[in-house]
Amino acid sequence: MEFQLNAEEAAFRDEVRAFLRRELTPEVFAAHRDTTEQGMWTADFTKAFRRKLGAAGYLGMGWPKEYGGGGRSRIYQAILWDEMEWHRAPGLDRSMTYIPNAVMTFGSDAQKAALLPKIICGEISWFVGYSEPEAGSDLANLKTRAVADGDDFVITGQKAFSSDAHMADYGWVAARTDPNSERHKGLSMFIVDMKSPGVTIARHPTLAGWTHHSVHFDNVRVPRSMLVGELHQGWKVVMGAIDFERAALASPGLVNYQFDRLLAWCAHGRDGGERPIDDPVVQDTLVRLAIEAEGGRIMSYWLASLHARGQYPQHETSLALLVKRETARLFDEAAMDLLGPYAPLRAGAPHAQLEGEVEVEYRDHLYFQFAAGGFDITRNVVAQRGLKLPR
Amino acid sequence: MDITLNEDHVMLRDTALSFAQGALTKARIRELETTEHGFDTGVWQEMTQMGWAAACFPEKYGGAEASLFELALIVEALGNGAVPSPIFSTVIESGFLLLDAASAPQKDEWLQRIAEGEALLTVALMEANGGLRPQDVKAAIVRAGNGFRIDGTKAFVRDAGAADGIISLVRSGERPEDLTLALVPKDAKGVSMRRMPAAGGEALWEVAFNGVEVNADAIVSEMGGAWPWATRLLLRGAAFKSAELVGIGGAALDLTVEYAKQRVQFGKPIGSFQGVQHHCAEMYRDLEVSRLLSWQASSSMGAGLAGEREVAMAKAKASQCIPALTRTAHQIHGAIAYYRDYPLELYYHRALAAQAAYGDAAYHRRTLARLLTSDKNSFRGADPHELPVHYF
C-alpha cells in the first residue's frame with residue numbers, strides 16, 4: 001500500500017509537466033483556444049498536438065511492445081492523463097484511449113497492421129458511432145443497418161451526438177447486421193473511412209457554445225475487411241473496451257485544476273478588496289471541495305493500481321467516472337457561489353474573472369450529467385453490476 | 001504508487017472480518033450495551049491471543065511491528081462486526097502514547113501486559129466543555145510533597161470503568177499548553193467515576209479527581225510536555241475511527257443490499273426499483289471514497305504530525321458520510337429495521353458514536369482550514385502544481 005509516486009514515477013510526472021508547459025504556453029492558448037470546439041481547441045491544433053504526443057512517445061507508452069508501444073504500467077498512463085487534464089491539453093480523447101485499446105483487443109491482424117502505426121503517431125482521429133436518435137441511454141435499441149453485398153457491407157442509418165465527427169478520419173460504427181435481431185444481439189462493429197461516399201455530417205450548436213455533430217450514412221460501402229471482430233458479435237466489442245475509456249475519463253486532473261484555480265482566485269483580493277479566503281465560510285467551502293477532490297484523485301489512482309497489478313476492475317471504472325464528474329459539477333456549483341456577481345460574466349466582459357472560464361464550464365460540464373452513461377444511468381450500472389441488484 | 005491490498009493484507013482482512021462477524025451474536029452485542037464495561041472480556045482475550053493488541057508494538061513487548069495500515073484493517077473489520085472492545089482506549093490511545101512518550105520503566109510495566117490482555121489503560125483528554133484545544137483542559141496537577149496532587153473532572157473517557165489506569169491530561173501551568181500527562185491508578189484514593197450512557201453502548205465515563213495523590217513516576221513524558229503527545233493521540237484516534245466508520249458503513253450497505261434483493265413488494269424485489277438502486281449506488285460511492293481516504297490516512301501517519309491533512313480529510317468525510325449512509329439504509333429497510341432485533345440499528349448507533357470521537361466532521365474541516373490558510377501548497381498534497389496565477 002503506497003499512496004505516493006515513487007522516484008521513477010515522479011520523474012515521469014516532471015517530464016510530462018515540462019513537456020506540457022513547453023507546448024502549451026499562454027501564447028499558444030491565446031492563438032488556438034476555441035470555445036466553438038468541444039475540446040476547446042481548434043481542430044487543426046488538436047490534430048497537430050496529437051502528432052506531438054505521438055512523437056514524444058506518449059500515445060503508445062502503455063501499449064504492449066509488440067505493437068510498438070512502451071509497455072509502461074497504468075500508473076504512468078494515469079499520470080499522463082492527470083497532467084494533460086490539469087494543463088487542459090487537447091487530444092486526451094477516444095483517439096488516444098478507447099480506440100487503440102479496442103483495435104488491439106478486437107481488431108484483425110490486418111486492421112492492427114494498417115491502423116496502429118498511424119494511431120501511435122497521432123496521424124488519425126476517430127469518432128465513435130454508437131448513439132443514435134433512438135438509442136441513447138438504451139444503446140441496444142440502435143437501428144443503423146449494415147447489409148452484406150459482395151465483398152462489402154452497405155451501411156445506412158443515422159448516428160447522433162457524435163463528438164468530433166467533423167475532424168475524424170475514421171468512424172468506429174456499430175450497426176445491426178442481422179435484420180431479424182433484437183437488442184444487443186445481431187450487432188456488428190465496423191471501421192468506416194469518413195471520406196467514403198454517402199457520409200454526411202450535420203452540425204448542432206450546443207448551449208455550451210461548441211458545435212456537436214451527427215453523422216448520416218446513406219448506402220456507405222465498407223469493405224468486409226473493416227468488420228471488427230465476428231459478425232453479429234458487435235456488443236462484445238462495445239462493452240469490451242469501454243472500461244479503459246472510463247478510466248481515462250475518470251482522471252483527476254480536471255478537478256485538481258478547478259481546485260487550484262478557485263484557490264488562487266480566493267487568495268487574491270480584487271481592486272484592493274478583501275481576500276475571499278479570509279472568510280471562514282469560504283474556507284469551509286474550499287475544504288469540503290478539497291476532500292471530494294482528494295477522494296476522486298485517490299479513486300483514479302486506485303483504478304490505475306488495480307490495472308497495474310493485472311486486475312480488471314469493471315463497475316469500479318464507472319464508479320470512478322461518476323465520482324470525478326459529480327465532483328467537477330460540485331466545483332462548478334461552488335465557483336458560481338463564490339464568484340458572486342462575477343459568476344455569470346462571459347469571457348471578454350468588463351470585470352470578468354478567471355477569463356470567464358467558470359461560466360463556460362458551468363455550461364460545458366452539463367454534458368457530464370448525461371454523456372458516457374450519465375449520472376443516473378451510471379448509478380444503475382453500479383447498482384446492477386457492482387452491487388448485483390436485480391434488473 | 002500502489003493502492004492495492006497485497007496478499008498479506010487480504011489474508012489479514014479476511015481473518016479479521018471472519019473473526020469480527022462471528023465473535024459475538026447480535027443478541028449478545030445488544031446485551032453487552034447494557035453492561036458496565038460494554039465489552040466481552042473473553043473476546044478481548046481472543047483478540048490479544050491473535051496478537052491484535054500488540055500488532056504494532058515492538059517485538060520486545062510481544063508485538064509484531066505491523067504497520068498502522070494493517071491495524072486499521074483490523075479496526076475496519078471490528079467496525080463491520082460491531083464488536084465492542086477496548087482496542088481504542090488500551091491500544092490506540094494508551095499503547096501508542098506510552099510507546100511515544102513513556103519512560104522505559106513505564107513501558108516495561110504496561111506494554112507487555114497490554115499485549116497479553118492482562119492490563120487495560122485509557123486516556124482522559126476531554127472535559128465537560130467538550131473541547132479538544134489545550135485551553136479546554138482545566139483539571140490541574142500541582143506538586144505535593146515528593147509527588148503530585150490532581151483535582152478536577154475529566155469526561156468522555158473511554159472504558160474508564162474497566163481500565164487499570166487512567167492517563168490523564170492535566171494542567172500544570174497557566175499558559176494554554178502547560179499540560180502534563182499523569183498515569184492515575186484506578187484504585188487511587190479520590191478517584192470517582194460515573195458512566196455517560198451513549199449511543200451504541202459506547203463506554204464513556206466522567207472521571208473526577210478529588211485530591212488524588214500520585215508519585216513522581218506517574219508522570220508520562222515530562223511536566224508541561226504533554227500537548228504534542230495529545231495531538232498525536234487525536235490524530236491516530238481519528239485515523240482509526242475513520243477505519244471503524246468504514247467498517248460500520250460496509251456492514252450497513254451489505255445488510256441493505258441483501259434486504260433489497262430479497263424483499264418483494266409490488267411483485268418485485270425492491271432492489272429492482274431505480275429509486276432503491278440509486279440510493280444503494282450513492283451509499284456505495286460514499287463508502288468507497290471514505291475507504292480510500294481512510295486507507296490513505298492510516299498509511300500516511302509517521303513521525304510527528306505527518307498525515308495530518310490526510311487524517312483530517314478521512315475523518316471529516318467518514319464522519320459526514322457514514323451516518324448518512326446508515327440513515328439511507330434505514331430508509332430502504334423501512335419499518336423492519338426499526339425493531340431492535342434487526343441488526344441494522346447496531347450500525348446506526350455506532351456511526352453516531354464514531355463520528356463524534358476524536359473530532360467530528362466540523363472539527364476536522366477546521367483543521368483543514370487552518371492548514372489551507374497557513375500553507376496553501378502543503379494543503380494541496382504531495383506534488384502540487386504551481387497555482388495558476390496567469391489570470392490576475
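Guide: Happy to. A crossing counts as right-handed if the near helix is turned clockwise from the far one by less than a right angle, and as left-handed if anticlockwise. Keep in mind that this is a predicted model.

Visitor: Good. So how does α5(B) pass α7(B), left-handed or right-handed?

Guide: That crossing is right-handed. The two axes, of α5(B) and α7(B), come within 10 Å and cross at roughly 140 degrees.

Visitor: Which residues meet there, in α5(B) and in α7(B)?

Guide: From α5(B) you have B:Phe88, B:Ile92, B:Glu93, B:Phe96, B:Leu97, B:Asp100 and B:Ala101. They meet B:Trp229, B:Arg232, B:Leu233, B:Arg236, B:Gly237 and B:Phe240 of α7(B). By class, this contact has eight nonpolar, one polar and four charged residues.

Visitor: Let's zoom out. Which domains does the assignment give for chain B?

Guide: Domain 1 covers 7-119, domain 2 covers 123-222 and domain 3 covers 228-379. Between domain 1 of chain B and domain 3 of chain B, the C-alpha centres are 21 Å apart.

Visitor: And how many residues does each of those two put into their contact?

Guide: Domain 1 of chain B puts in 20 residues, and domain 3 of chain B puts in 25. On the domain 1 side, α2 (26-32), α4 (68-81) and α5 (87-101) of chain B each supply at least two residues. The most comes from α4(B), with nine residues. That side of domain 1 is made up of 13 nonpolar, two polar and five charged residues.

Visitor: Switching to chain A. What are its domains?

Guide: They are domain 1 (7-92), domain 2 (127-232) and domain 3 (250-386). The C-alpha centres of domains 1 and 2 of chain A lie 28 Å apart. Seven residues of domain 1 of chain A touch seven residues of domain 2 of chain A, and the domain 1 side there has one nonpolar, four polar and two charged residues.

Visitor: Now the two chains together. How many residues does the contact take from each?

Guide: It takes 46 residues from chain B and 50 residues from chain A. On the chain B side, the elements giving two or more residues are α7 (227-262), α8 (274-300), α9 (308-333) and α11 (361-374). The largest share, 15 residues, comes from α8(B). The chain B side as a whole has 24 nonpolar, 13 polar and nine charged residues.

Visitor: Last topic, the largest nonpolar core. Which residues touch the most other members?

Guide: Of its 239 residues, those are A:Ile155, A:Phe190, B:Ile150, B:Ala182, B:Ala239 and B:Cys280. The helix α7(B) gives the most to this core, with 19 residues.

Visitor: What is B:Ile150 in contact with, leaving aside its neighbours within four places in sequence?

Guide: Its partners are B:Ala139, B:Ile141, B:Ser168, B:Val170, B:Ala182, B:Val184, B:Phe209, B:Val212 and B:Val214.

Key:
Residues numbered from 1 in each chain as written. Chains lettered and ligands numbered in written order. Predicted model: local features only at pLDDT ≥ 70, side-chain atom pairs only at ≥ 80, totals over all residues. Helix = DSSP H or I, 4+ residues; strand = E, 2+ residues; numbered from the N terminus. Nonpolar A, V, L, I, M, F, W, Y, C, P; charged D, E, K, R; others polar. Core = buried A, V, L, I, M, F, W, Y, C linked by C-beta atoms within 7 Å. Buried ≥ 20, exposed ≤ 12 C-beta atoms within 10 Å, placed from the backbone. Domains from an automatic or database assignment. Axes fitted to C-alpha atoms, helices over the stretch in contact; angles between N-to-C directions.
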